[in-house]
Amino acid sequence: MTNRISILISAFGVLASILLLAFAVREYHSGASTLWIGGGAVLLLGALYALVRDVRRPRPAPTT
C-alpha cells in the first residue's frame, strides 16, 4: 500500500512540474529569463526520475 501511495505522490509531482514548465515557457515568451525554462526542466527531470524509481522499486513479498 505504501508503494502505491509513493507512486501517486510522484505522479502528482510530475504533473506539477509540467505545469511549472508550461508557466516558465509562457513567461519566457513574454520576456523573462531563460533560467526559468532551465529550472523548470531540471524540476521535471527530477520528478520523472523519482516516478521511475518508485515504479521500478521491488514490491515486498506477501506474508503468509
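Where is the place of Glu27? Glu27 sits in helix H1, which covers residues 2–29; helices here are DSSP runs of H or I with at least four residues, strands are runs of E with at least two, and both are numbered from the N terminus. The model is a predicted one, so local features need pLDDT of at least 70 and side-chain atom pairs count only at pLDDT 80 or more, while totals for chains, interfaces and linings use all residues. Residues are numbered from 1 along each chain as its sequence is written, and side-chain values use heavy atoms, with hydrogens and water left out.

As for the overall build, the protein chain has two helices and zero strands. Its C-alpha trace spans about 60 × 15 × 10 Å along the principal axes. The radius of gyration comes out at 16 Å, whereas a compact globule of 64 residues would be near 11 Å; this radius is taken over C-alpha atoms, and the globule rule is 2.2 Å times the number of residues to the power 0.38. Of the 64 residues, 17% are buried, where buried means under 20% relative accessible area, exposed means over 50%, and partly exposed is in between (1.4 Å probe, protein chains only). Contacts (heavy atoms within 4.5 Å) tell their own story: among those between residues at least 6 apart in sequence, 68% join residues at least 24 apart.

Helix H1 comes next. H1 runs for 28 residues and reaches 41 Å from its first C-alpha to its last, close to the 40 Å expected at 1.5 Å a residue; the expected span is 1.5 Å times one less than the number of residues. Its buried residues are Asn3, Ser10, Val14, Ser17 and Ala24, and they pack against H2. Back at Glu27, the residue is partly exposed, because its relative accessible area is 25%. Glu27 is 29 residues from Arg56 in sequence, and the two C-alpha atoms are 35 Å apart in space. After H1 comes Gly31, with a positive phi near 110°.

Ser10, in H1, counts as buried because its relative accessibility is 10%. Setting aside neighbours within four places in sequence, Ser10 touches Ala50, Leu51 and Asp54. Ser17 is also found in H1, and is buried with a relative accessible area of 6%. With neighbours within four places left out again, Ser17 is in contact with Leu43, Leu44 and Ala47.

On to helix H2, residues 35–56. At 1.5 Å a residue, its 22 residues should span 32 Å, and the end C-alpha atoms lie 31 Å apart, so the two figures agree. Buried in H2 are Gly40, Leu44, Ala47, Ala50, Leu51 and Asp54. Looking down the axis of H2, these buried residues fall within an arc of 125°, so they line one face of the helix; the arc is that of the directions from the helix axis to the C-beta atoms. As background, an α-helix has 3.6 residues a turn, so residues three or four places apart point the same way. The buried residues of H2 pack against H1.

Next, the side-chain pairs. The structure has one aromatic pair. It is made by Phe23 and Trp36, whose ring centres are 6.3 Å apart and whose planes meet at 85°, so the pair is edge-to-face. For the cut-offs, rings of Phe, Tyr and Trp (its six-membered ring) pair if their centres lie within 6.5 Å, with planes under 30 degrees apart counted as stacked, over 60 as edge-to-face and the rest as tilted. The pair links distant parts of the chain, with Phe23 in H1 and Trp36 in H2, 13 residues apart. Phe23 is partly exposed at a relative accessible area of 34%, and Trp36 is partly exposed at 46%.

There is also one salt bridge in the structure, meaning a side-chain nitrogen of Lys or Arg within 4 Å of a carboxyl oxygen of Asp or Glu. Arg53 forms it with Asp54, and the closest N and O atoms are 3.9 Å apart. Arg53 is partly exposed, with a relative accessible area of 42%, whereas Asp54 counts as buried because its relative accessibility is 2%.
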